Structures are given as structure tokens and as C-alpha cells.
Amino acid sequence: MKAIIFDLDGTLVDSMGYWRSVSRDFMKTKGIDIEDEVQHKMTTMNLDASLRYLKDYYNLEESFEELMRDFSRTVEDFYRNKVETKGGCLEILKYFKDKGIKVVIGTSTAAHFANIVIEKYGIDKFIDGLYTADSVGHLKAEEKFYTSIAEELGERPEDIFLVDDSYLALRTAKRAGLKTIGIYDENSKDTWPTIVSENKNSVNNLLELKNL
């Protein structure tokens, strides 16, 4: 292992329940119930792509700009005032950092929102970089998201591990040549059996990563 990529939401911070509820609540104001499959697909999208997807999929009348403005206000408030780290977050980041392994975050969340929680909890002290779908230029559902990070880090994909709670992200990273580690998140427990069956290195919490 030369480098390790941590997902942010649902992996380092406990926010996936919020993302599910805010998306559902936001759409309910428009009389729409989001299907689970739509929700899972959105976990690999950034905010821009998510809103465009919802607008197109449900034929929303509002302009994209209106949707983005209303949604962004709610998201920023959450990251500033409500989101919390998962147990062992800082400890495990320091663990890998001290071992001389490159530690980065790879997320669908926009850098503006991600940096709020990263700086608030001191996560920035233990990571070597933040890669977002916007900065990389590819969504997490695309293999190029991971190969581009590998190129930036100067490492081969097979020497990089991804820790993620999304079975779709894990599948894509594996196709890109990375080693994958599934991590349990209560808010995506319906996909946990799939994650475990597809990723031999699957953990229930961050500190279990020390045993791999």
C-alpha cells in the first residue's frame, strides 16, 4: 500500500443519513418520492450532477440555478453546524499518515462543503490532498476519477486502496485497478451484504482498518 483514498460522506463523517433525508425532503416539497435506486446512483454524483439528474429524471419545472441555490443553503448549514465525524476518524488518518502512506480524500461532495468539515475537525492535518468530482473532472462512477488520482499521486492503481461505503464506487475503483475496502454505514445497510460479497476486505468501523 503506497496510498489510501478515503471517501468522506458515510466513511469519515456521519452524513449519509442527512444526504438521503435532505434529498427526499427536498423532493417531497415537489410532491415526489425518490426511489431507492435513484438514491444509490446519486451517491457517486457531485451536487451539480445530482441536481441535474433529479431535474431531468423527474422533469422538474424549476431552473437548475434555482434548484442549486435552494439546495446549497441547506447543505452548507448542515456541514457547518450538524455533521460529525465517525468514530476513530482522526486516529485512523494519523495511523496511516505515521506509516508514511499517502492519505487523501476522494469525494463527490463539492470542495466548498467538504473543506468546512475537514477544517472544523482538523482532518486537514492528516491528509495529503482532497480530490472532488469537480477538481478531478470525473464522477466517482467513472474509472477516470480513480486513475486520475493515481496519476496525481504518482502511484500505480494497484498500490492504492479505496475505503468507501458505496458499492457502486467500490465496483468502479476495482475496475480501475485499485484495491478496495468496504466500510459499513448504517444508512446504506441494505447494500452491506453486496459490499461484503464483492470486497474481501470489508470492515465495520474505521479502526478495524489497522488489522488489514
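1. In what follows, a cavity is a set of points, on a 1 Å grid over the protein atoms alone, where a 1.4 Å probe fits but cannot get out, and its lining residues are those with an atom within 4 Å of a point. Grid points are joined across faces, edges and corners, and a volume is the space filled by probe spheres set on the points. Searched as a whole in this way, the structure has two cavities of 30 Å³ or more.

2. The model is a predicted one, in which local features need pLDDT of at least 70 and side-chain atom pairs count only at pLDDT 80 or more, while totals for chains, interfaces and linings use all residues. Residues are numbered from 1 along each chain as its sequence is written, and side-chain values use heavy atoms, with hydrogens and water left out.

3. The largest cavity has a volume of about 310 Å³, and among the 24 residues that line it, Met16, Trp19, Met42, Thr43 and Met45 lie nearest its centre. Two or more lining residues come from each of helix H1 (16-28), helix H2 (36-42) and helix H3 (47-57), where helices are DSSP runs (H or I, at least four residues) and strands likewise (E, at least two), numbered from the N terminus. H1 gives the largest share of this lining, four residues.

4. By class, the lining of the largest cavity has nine nonpolar, nine polar and six charged residues; here Ala, Val, Leu, Ile, Met, Phe, Trp, Tyr, Cys and Pro count as nonpolar, Asp, Glu, Lys and Arg as charged, and the others, Gly among them, as polar.

5. The second largest cavity, with a volume of about 70 Å³, has a lining that includes Met16, Arg20, His40, Asp165 and Tyr167. H1 and helix H9 (167-175) are the elements that give two or more residues to this lining, which divides into three nonpolar, five polar and two charged residues.

6. Turning to the nonpolar cores, each is a set of buried Ala, Val, Leu, Ile, Met, Phe, Trp, Tyr and Cys residues joined through side-chain atoms within 4.5 Å, buried meaning under 20% relative accessible area (1.4 Å probe, protein chains only). The largest has 53 residues, of which Phe6, Leu12, Trp19, Tyr79, Leu93 and Leu209 touch the most other members. Apart from it lies another core, of 20 residues, including Ala169 and Trp192.

7. Threonine 132 belongs to strand S3 (residues 129-132) and is buried, with a relative accessible area of 2%. Not counting residues up to four places away in sequence, threonine 132 touches Thr107, Thr109, Ala110, Ala111 and Phe145, contact meaning heavy atoms within 4.5 Å.

Key. 1 Å grid on protein atoms, 1.4 Å probe; cavity = no way out; pocket = protein on both sides within 12 Å on 5 of 7 lines; lining within 4 Å. Buried < 20%, exposed > 50% of the residue type's maximum accessible area, 1.4 Å probe, protein only.
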